[in-house]
Amino acid sequence: MITNKKILITGGAGFIGSNLCEYFLKKNNKVICLDNFSTGHKHNIQIFLQSENFLLIEGDIRDLETCRKAVDNVDYVLHQAALGSVPRSITDPITSNDVNVSGFLNMLVAARDANVKRFIYAASSSTYGDSESLPKIEDVIGKPLSPYAITKYVNELYADVFSKTYGLETIGLRYFNVFGRNQDPNGAYAAVIPKFVKQFINLESPVINGDGNYSRDFTYIDNVIQMNELAMFVDDQQAVNTVYNTACGDRTTLNDLVKYLKRYLSEYNDKISKVDVVYGPNRMGDIPHSLASVEKAKKMLGYNPKYRLEDGLRESVKWYWENLK
Ligand SMILES: NC(=O)c1ccc[n+]([C@@H]2O[C@H](COP(=O)([O-])OP(=O)(O)OC[C@H]3O[C@@H](n4cnc5c(N)ncnc54)[C@H](O)[C@@H]3O)[C@@H](O)[C@H]2O)c1
């Protein structure tokens, strides 16, 4: 268990970052959150502001001096700050690149110069691109299908070069469709689970892009927290300076996802069982199928995903029911 450390969580006001802040604060660490609130929210971290172990730096990773200030005396960096969403990057590739690549490089430089113990960063399953092989194995990737995917792949390349050139310890966690409490259901770029949950709660019909047979390896947030902690903890040098799939290891179609959501939400309001979904065109840049092999993480880090999709969905649905209404 990681305790009594100083941890910088960039993007700490976002979905994944705020969950990491909560977890590591509970384990008696000092947590610094660097966020510019572009997609994150104050309400995600409001409660931590009362803790003397929590420091908020409101700032932008595109500014190197801000990054340097944030990493001062830090043991670990958990770098989550980025502009997510494939469609957002298709609409505005320049801003996605500035934040996700230039901002990432700033953080690497700052972490290197501050001699942090390890730099752990949010990589992405989008790096598998057009590779059709399933399950996805870390070494077999295809060509990126979106500007967002390029940025996340470039992150891995930079991290690798910083490890080899400057000796900075890095670990990339390729997140696969993460979901859970604090994930934003609002806005044009909302992820599918929170968006559909909110629509069902409002008795509105969600729109599935395509015929609903596209599949994803949906990963509950607590599995992601576990992976971050294992990546900080691991001692074996063979396990460092590499990337890991961070997933559940199960594949679920959008049609099945909707079935689960309706089933669990109907326990709160049975009218939801009567809400139908609507089918629309496929979305540009979307990978048809995504399923991770988590063998490398199991072997090298001792990963054991505790939450299967259905358990995570139940927890999430409960959280949204209590917090959205
Ligand atoms: N959620 C997923 O399924 C998923 C999948 C793959 C990878 N990821 C990656 O995980 C990370 C976290 O994603 P999330 O789902 O929590 O998204 P999020 O949008 O909720 O969180 C991102 C946070 O970064 C902050 N941020 C953005 N630009 C910034 C900047 N220039 N300076 C400082 N802070 C900035 C935002 O305000 C936000 O709080 C991202 O790097 C994302 O690309 C997420």
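**Exercise 1.** In this predicted model, how do the residues lining the second largest pocket divide by class, and which helix gives the most to that lining?

*Solution.* 
Step 1. Sort the lining by class: seven residues are nonpolar, three are polar and seven are charged.
Step 2. Take the total. The second largest pocket is lined by 17 residues.
Step 3. Pick out the residues nearest the pocket centre: Tyr 23, Lys 27, Asp 222, Ile 225 and Gln 226.
Step 4. Assign elements. Helix H1 (15-26) and helix H7 (221-233) each supply at least two lining residues. H7 gives the most, with seven.

**Exercise 2.** Which residues have an N or O atom at 2.7 Å or 2.8 Å from a ligand oxygen, and how much of the ligand's accessible area does the protein cover?

*Solution.* 
Step 1. Look at backbone atoms. An N or O of the Phe 15 backbone lies 2.8 Å from an oxygen of the ligand. For Val 178, a backbone N or O atom also lies 2.8 Å from a ligand oxygen.
Step 2. Turn to side chains. Tyr 148 places a polar side-chain atom 2.7 Å from an oxygen of the ligand.
Step 3. Work out the cover. On its own, the ligand has 820 Å² of accessible area, and the protein covers 90% of it.

**Exercise 3.** Which elements give two or more residues to the shell around the ligand, and which classes make up that shell?

*Solution.* 
Step 1. List the elements: H1, strand S5 (118-124) and helix H5 (147-166).
Step 2. Find the top contributor. S5 gives the most, with three residues.
Step 3. Split by class: 13 nonpolar, ten polar and four charged.
Step 4. Name the nearest of the 27 residues around the ligand: Asp 35, Thr 39, Asp 60, Tyr 148 and Val 178.

Methods
Residues are numbered from 1 along each chain as its sequence is written. This is a predicted model: local features need pLDDT of at least 70, side-chain atom pairs count only at pLDDT 80 or more; totals for chains, interfaces and linings use all residues. Side-chain values use heavy atoms; hydrogens and water are left out. On a 1 Å grid over the protein atoms alone, a cavity is a set of points where a 1.4 Å probe fits but cannot get out, and a pocket is an open set with protein on both sides within 12 Å along at least five of seven lines; lining residues have an atom within 4 Å of a point. Helices (H or I, at least four residues) and strands (E, at least two) are DSSP runs, numbered from the N terminus. Ala, Val, Leu, Ile, Met, Phe, Trp, Tyr, Cys and Pro count as nonpolar, Asp, Glu, Lys and Arg as charged, and the others, Gly among them, as polar. A residue is near a molecule or strand if one of its heavy atoms lies within 4 Å of it. A polar contact is a pair of N or O atoms within 3.5 Å; within protein, one must be able to donate a hydrogen and the other to accept it, and residues adjacent in sequence count only if both atoms are side-chain atoms. Accessible areas come from the Shrake-Rupley method with a 1.4 Å probe; for residues, only the protein chains shown count as cover.
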